[in-house]
Amino acid sequence: MQNNKQIDHVGTITEIENEKITVSILNASACSGCHAKSACSMSDMKEKNIDIIDYSKSFEVGEKVKVVYSESLGWLALMLAYVLPFVLVLITLFIASAFTNELASGLVALGILIPYYSLLYFFKDRLKKTFSFTIHKIVNI
């Protein structure tokens with residue numbers, strides 16, 4: 001069974017350039033939404049700009065929209081950015097420690113991150129297509 005949860009934010013379109021729409025959203029930390037939010041400072045809220053590719057040409061600057069992102073893609077991004085490199089470093093460290101001293105093993109284990117992140121950079125255009133936001137009009141009732 002697949003989990004199709006979505007993360008959505010309401011934002012305002014600030015710029016439209018060809019098919020690229022820039023939406024400004026107010027990103028609040030988790031504590032700013034709780035009952036003790038008066039104890040939190042305004043520094044917990046940040047305005048972020050998100051670029052979205054949309055070919056419909058049905059949006060206007062200043063329009064309020066909903067930006068949607070699949071939660072499962074967030075988990076995939078977490079795996080690619082943090083979990084997989086950590087496992088790769090540990091495996092490399094254990095294998096290298098069987099053949100070399102501690103210093104060399106540590107350097108080889110950290111050095112394995114260079115080709116890993118270079119490979120991610122090489123595939124950044126493909127990853128941009130995978131990790132994309134969708135935009136929806138907000139219907140006023």
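Author: Let's start with a definition: axes here are lines fitted to C-alpha atoms, for helices over the stretch in contact, and angles run from 0 to 180 degrees between N-to-C directions. Keep in mind that this is a predicted model. In it, the axes of helix α2 (residues 102-111) and helix α3 (residues 113-122) come within 5 Å and cross at roughly 0 degrees.

Reader: What makes α2 and α3 roughly parallel?

Author: Angles under 35 degrees count as roughly parallel. The crossing of α2 and α3 is at roughly 0 degrees, so the two helices get that label.

Reader: Which residues of α2 and α3 make the contact?

Author: From α2 you have A109, L110 and G111, and from α3 there are L113, I114 and P115. Sorted by class, that contact has five nonpolar residues, one polar and no charged ones.

Reader: Let's move to T22, in strand β2. How do you know whether T22 is buried or exposed?

Author: Buried means under 20% relative accessible area. T22 comes out at 8%, so T22 counts as buried. Its strand, β2, covers residues 20-28. Leaving aside neighbours within four places in sequence, T22 touches T12, I13, T14, E15, N49, I50 and D51. As for the chain in general, buried residues make up 19% of its 141 residues.

Reader: How many salt bridges does the structure hold?

Author: One. K137 pairs with E63.

Reader: What makes K137 and E63 a salt bridge?

Author: The rule asks for a side-chain nitrogen of Lys or Arg within 4 Å of a carboxyl oxygen of Asp or Glu. For K137 and E63, the closest N and O atoms are 2.8 Å apart, so the pair meets the cut-off. The two residues are 74 apart in the chain, with K137 in strand β5 (residues 134-137) and E63 in the loop between β3 (45-53) and β4 (64-70).

Reader: And why is K137 called partly exposed?

Author: Partly exposed lies between buried, under 20%, and exposed, over 50%. K137 has 40% relative accessibility, so K137 gets the in-between label.

Notes. Residues are numbered from 1 along each chain as its sequence is written. This is a predicted model: local features need pLDDT of at least 70, side-chain atom pairs count only at pLDDT 80 or more; totals for chains, interfaces and linings use all residues. Side-chain values use heavy atoms; hydrogens and water are left out. Buried means under 20% relative accessible area, exposed over 50%, partly exposed in between (1.4 Å probe, protein chains only). Helices (H or I, at least four residues) and strands (E, at least two) are DSSP runs, numbered from the N terminus. Angles under 35 degrees count as roughly parallel, over 145 as roughly antiparallel, 65 to 115 as roughly perpendicular and the rest as oblique. Contact means heavy atoms within 4.5 Å. Ala, Val, Leu, Ile, Met, Phe, Trp, Tyr, Cys and Pro count as nonpolar, Asp, Glu, Lys and Arg as charged, and the others, Gly among them, as polar.
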